[in-house]
Amino acid sequence: VEVIANFLPVASFTAEGADDRVWTNQQSASFPAKTSVTFSAEDATDPDGAITTWHWDFGDGRVSNGVVVTHQFEFDGEYTVVLEVFDNDGGRSTASMSVSVFPVFELGMLMVPEVDAQLHEERVLPISIYNNGTTHDQVSLLMPNPDWASLHLDVRPWINLSSGAVWHGEVVLTPTRIPSTNPQTITFQVVSGDGSSTVLSLIHI
């Protein structure tokens with residue numbers, strides 16, 4: 001009786017984030033939360049057959065199957081991604097990668113009313129900014145000053161916002177001449193303490 005041994009498959013994979021940097025499973029990777037990461041097991045091999053199953057466990061309670069998969073880590077933290085492969089003879093092999101996920105500050109506008117201001121009429125626009133990220137942040141609210149209106153922004157240079165906190169303020173708008181086109185738009189922008197910025201809302205005048 002001739003016994004033919006099955007050589008086990010060799011599990012291997014890479015991870016690629018939005019910045020196009022590619023990490024191998026021999027490295028520790030880091031990605032921002034809530035961004036797509038592509039995991040590829042195209043380099044996994046089987047010396048005497050073919051790999052038939054690719055199973056991924058991302059360490060955050062979610063799994064997937066396939067040679068190439070995408071995944072988003074919703075929360076910051078430390079995770080271990082495990083790839084498990086099986087060949088056509090039932091042979092099994094695994095590979096893993098340590099992943100550090102860092103927080104992304106998400107800022108949003110709760111309310112900015114649409115206005116229809118008249119010439120030289122002062123209009124008060126209430127605004128609210130909230131931090132629905134997972135950590136504390138400092139933010140500043142910016143907006144371009146249109147040449148057809150006078151604007152007063154009631155905002156301190158930096159606003160301290162803990163996770164889930166809301167800040168309320170107001171903008172005073174006074175049109176100084178009739179705009180050349182209608183409607184006009186004011187863009188509000190939040191700048192985070194880490195230098196990133198987010199456009200929150202558009203005001204039509």
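**A buried ring**

Tutor: Start with Phe58, which is buried at a relative accessible area of 1%. Keep in mind that this is a predicted model.

Student: Which ring pairs with Phe58, and how are the two planes set?

Tutor: First the total: six aromatic pairs are counted. In one of them, the ring centres of Phe39 and Phe58 are 5.5 Å apart, and the planes stand at 45 degrees, so the pair is tilted.

Student: Where do Phe39 and Phe58 sit in the chain?

Tutor: Phe39 is in strand E4, residues 36-40. Phe58 is in the loop between strand E5 (51-57) and strand E6 (63-65). The pair therefore ties together parts that are 19 residues apart in sequence.

Student: And Phe39, buried or exposed?

Tutor: Phe39 is buried, because its relative accessibility is 0% and the cut-off for buried is under 20%.

Student: Which residues make up the ring cluster?

Tutor: Phe13, Phe39, Trp56 and Phe58 are linked into a cluster by ring pairs.

Student: Switching topic. How many helices and strands does the chain have?

Tutor: Zero helices and 17 strands.

Student: Take the sheet with E4 in it. What is the strand order?

Tutor: The order is E2-E1-E4-E7, four strands in an open sheet with antiparallel pairing. Strand E2 (22-24) and strand E7 (68-72) are the edges, each pairing on one side only. Neighbouring strands in this sheet are turned by 25 degrees against each other on average, with direction ignored.

Student: How many bridges hold E1 and E2?

Tutor: Three, in the antiparallel sense, with E1 covering residues 14-16. Glu16 faces Val22 of E2 across that pairing.

Student: What lies over the face of Trp23?

Tutor: Arg21 does, at 3.7 Å from the ring centre.

Student: Now the sheet with E5 and E6. What is its order, and what kind of pairing does it have?

Tutor: Five strands make an open sheet, E3-E9-E8-E5-E6, and the pairing is mixed. Its edge strands are E3 (29-32) and E6, each pairing on one side only. The twist from one strand to the next averages 25 degrees.

Student: Which strand runs parallel to E3?

Tutor: Strand E9, residues 92-102, joined to E3 by four bridges. Pro32 has Phe102 in E9 as its bridge partner.

Student: How many bridges join E8 to E9, and in what sense do they run?

Tutor: Ten bridges, and the two strands run antiparallel. Val81 stands opposite Met97 in E9. The hairpin of E8 and E9 has four residues between the strands, and Gly90 there takes a positive phi near 90 degrees.

Student: What about E5 and E8, how many bridges there?

Tutor: Six, again written as an antiparallel pairing, with E8 spanning residues 77-87. His55 is opposite Glu84 in E8.

Student: Remind me, what do strands of a sheet pair through?

Tutor: Backbone hydrogen bonds, either parallel or antiparallel.

Student: Last topic, the whole chain. What share of residues is buried?

Tutor: Buried residues make up 40% of the 205 in the protein chain. The chain exposes about 11200 Å², and carbon and sulfur atoms supply 50% of that.

Student: And contacts? What share comes from residues 24 or more positions apart?

Tutor: 61%, counting contacts in the protein chain with a separation of 6 or more.

Terms used: Residues numbered from 1 in each chain as written. Predicted model: local features only at pLDDT ≥ 70, side-chain atom pairs only at ≥ 80, totals over all residues. Heavy atoms only, no water. Pairing = 2+ DSSP bridges. Axes fitted to C-alpha atoms, helices over the stretch in contact; angles between N-to-C directions. Phe/Tyr/Trp six-rings, centres within 6.5 Å; stacked < 30°, edge-to-face > 60°. Buried < 20%, exposed > 50% of the residue type's maximum accessible area, 1.4 Å probe, protein only. Lys NZ or Arg CZ within 6 Å of the ring centre and 35° of its normal. Contact = heavy atoms within 4.5 Å. Areas by Shrake-Rupley, 256 points an atom, 1.4 Å probe, with all protein chains shown as cover.
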